[in-house]
Amino acid sequence: MNPLQRVGLATARHPWRTIAAWLLVLAALGAMAGTLGGELRDNWNVPDTRAQHGVDQLREHFPDAGGSSAQVVIHDDGRLDAKVVDDVVARLEATDHVAGVTPRLSDDGDTALLTVRYDVPTTDPDIYESVAPLEKAVAPADAADYQVELGGELPGTATTIEGRGELIGILVALALLVLAFGSVVAAGLPIATAVGGLVAGSSGVALLAATADVSTSAPTIATMVGLGVGIDYALLIVTRHVERLRAGDSPVEAAARATGTAGRSVLGAGLTVLVSLMGLRLAGLPTYDAFGFATGITVVCVMAAAVTLVPALCALAGRRLVPRKERGLVTAARATSSTGRAGAETLTGRWAATVARRPVAWALLALTVMVALAAPALGMRTWPQDGGSDPRSSTTRAAYDLISDGFGPGANGPITLVADLDEVGREDVADLHLRVERLDGVASSTPVAVSPDGRLAVWDIEPTTAPVDEQTTVLLDELRTDVLPEGVEATGYTPILGDISDLLQERLWLVVGFVVLVSVVLLTFLFRSVVVPVKAAAMNLLSIGAAYGVVTLVFQHGWGSGLLGVDHAIPVSSWVPILMFAVLFGLSMDYEVFLLSAVRDDWLDTGDAKGSVVRGLASTGRVISVAAAIMVAVFLGFATEPAVVVKMLGVGLAAAVALDATVVRMVLVPATMTLLGRWNWWLPGASRPRPTTAEVDDLEPEPTHV
């Protein structure tokens, strides 16, 4: 009896104690989160970049500079009343932490742009996510029946997650599970377990926020991943448990044996997800650390729930997990042999046999499909999201559009030039100011301002194009490469976004290399093979490439983006590729681990390399298909959220899981494993694996149906 089977036996024998222990843990974690938990806040610092160096200089030499900012836009179809605008300016200047307000009127006089500068950064708890003081200050404009919109850095932090993604995912998952199991009790058990793990994970994220900056989007990403894998992990154990009930085991014995066998796959898959998430630390941004730790905490919690709470609930439910019409039946101790040969007669088994007869043709066909889907990713352009990417119904998007119409698109992302007067003379600064103003792509510039200590000169320029426009990036590159001398930096909103995009593109390959290498090593120990882990990693990379291509088509080329509430084509958010890779690589390995565990067990038992592929795919086909359908539903549910990053992740993750469960698992895996034969299980220095007596005793048939 392996350790996991002992855990399953202990919790199944004492289900009420296990449930009580979980309730106590959840209550304790909730109390700790309520008293010790911290507030969520984004950390936009970009260490070791040129734009961040400029921000640091501003904070050092301008006491009121380098803080947060906001844009208040007042608009009316006729000319605005100057007294109303002046009143709003005065009320804004009297607001706490406001260092100054710069008003600007459009040429036609119908739009006023009030740029609000704060003396504290956006992450300061006094202002973070707080637009109420701004809304109070603009009361005179509201009273005059003017259109008032809030945009820029600070209002952008107040974007809310509506939470409908979780609800949609849970409802669809419940419907799929009822259809799969034919029992409401069996359908509700995986969802209840996943929700329990999510509650524990949410408390853990709140405690994490007390010790580190946790992005406002991190809990949403953690919930999206945790809900998907939590239901899947519980589903695998429940499926094995139901299979053992049908084979004649008692509920307690079935729960213990299901945990001992399916639990190994859960732990293997979960560890791979955790390894992938830890790769986010190599991205070089504090925000990614928070994403990795928050999601990792949630995954650990749902894994713990799967191997402890699931067997307890299964034992407590008794035979109610089996459809009512089957409960009175008494089957033989083993309905099928341990090799699961009966599974070969299923639809999935017949399909696997078809692929195995012509593996080269099927492999080439599947590879062509995946490469074709991945091809658009070669033209992917990344850029961090801004107000122009928000839904049209949001105030930040309305402010962005009004600014573009009234002052030009570049007014949404001015570039600040910072000159160190210890390195650059004042006459040189004056010459540079004139030269920059005459550049193509520069719409206007402000006068030069000198810091109170006389060591820094600062002025702003506005590009002729929007921050997201590729020509703005070209202008920034030209400034840094050909125009600005040593001692002058370009900083501000647009350069910071550009540096983030460049940094993440560079670090992507470091994250990919780390995650792939560690995952291959982990799977080598798990399966005692070199070929299988390398092949699994290659197929996961293929799935992720295809998902990148789908995201590029949907958002950058606008194919169907209107269905998601995105009314125009936008670049892929710079935050998405690394985050999507780390999450997807782990999730894709879930299905590989589930499938390969069944294939390896059959191979150890029979030594039939090709037949074990067919039987392994047949025995896991239905449960993996249901699990993948649930995960796709969860991710598409999150694609309905207003936050653009969450939309892109939802679409990308759903596409990758769907491709994994169909093209990869149903075609590429059986085709390549059939071609490789016994070489699948090759390990340097090891002889052909043969099962020991203990291994034979532990082998259980994979489920032939749910």
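This is a predicted model: local features need pLDDT of at least 70, side-chain atom pairs count only at pLDDT 80 or more; totals for chains, interfaces and linings use all residues.

Reader: What radius of gyration would a compact globule with 706 residues have, and what does the protein have?

Author: A compact globule with 706 residues would have a radius of gyration near 27 Å, and the protein's 29 Å agrees with that. Of these residues, 58% count as buried, and among contacts between residues at least 6 apart in sequence, 81% join residues at least 24 apart.

Reader: Which quantities describe two packed helices?

Author: Two packed helices are described by the angle between their axes and by the distance between those axes. In this structure, helix 10 (residues 218–246) packs with helix 22 (residues 644–676) at an angle of about 20 degrees, the axes being 11 Å apart. Angles under 35 degrees count as roughly parallel, and helix 10 and helix 22 are therefore roughly parallel to each other.

Reader: Is the crossing of helix 10 and helix 22 left-handed or right-handed, and which residues meet there?

Author: The crossing in which helix 10 passes helix 22 is right-handed. On the side of helix 10, Thr220, Ile221 and Met224 take part, and they meet Val646, Leu649, Gly650 and Leu653 of helix 22. The residues of this contact comprise 5 nonpolar and 2 polar ones, with no charged residue.

Terms used: Residues are numbered from 1 along each chain as its sequence is written. Side-chain values use heavy atoms; hydrogens and water are left out. Axes are lines fitted to C-alpha atoms, for helices over the stretch in contact, and angles run from 0 to 180 degrees between N-to-C directions. Helices (H or I, at least four residues) and strands (E, at least two) are DSSP runs, numbered from the N terminus. Angles under 35 degrees count as roughly parallel, over 145 as roughly antiparallel, 65 to 115 as roughly perpendicular and the rest as oblique. A crossing is left-handed if the near helix is turned anticlockwise from the far one by less than a right angle, and right-handed if clockwise. Contact means heavy atoms within 4.5 Å. Ala, Val, Leu, Ile, Met, Phe, Trp, Tyr, Cys and Pro count as nonpolar, Asp, Glu, Lys and Arg as charged, and the others, Gly among them, as polar. The radius of gyration is taken over C-alpha atoms; the globule rule is 2.2 Å times the number of residues to the power 0.38. Buried means under 20% relative accessible area, exposed over 50%, partly exposed in between (1.4 Å probe, protein chains only).
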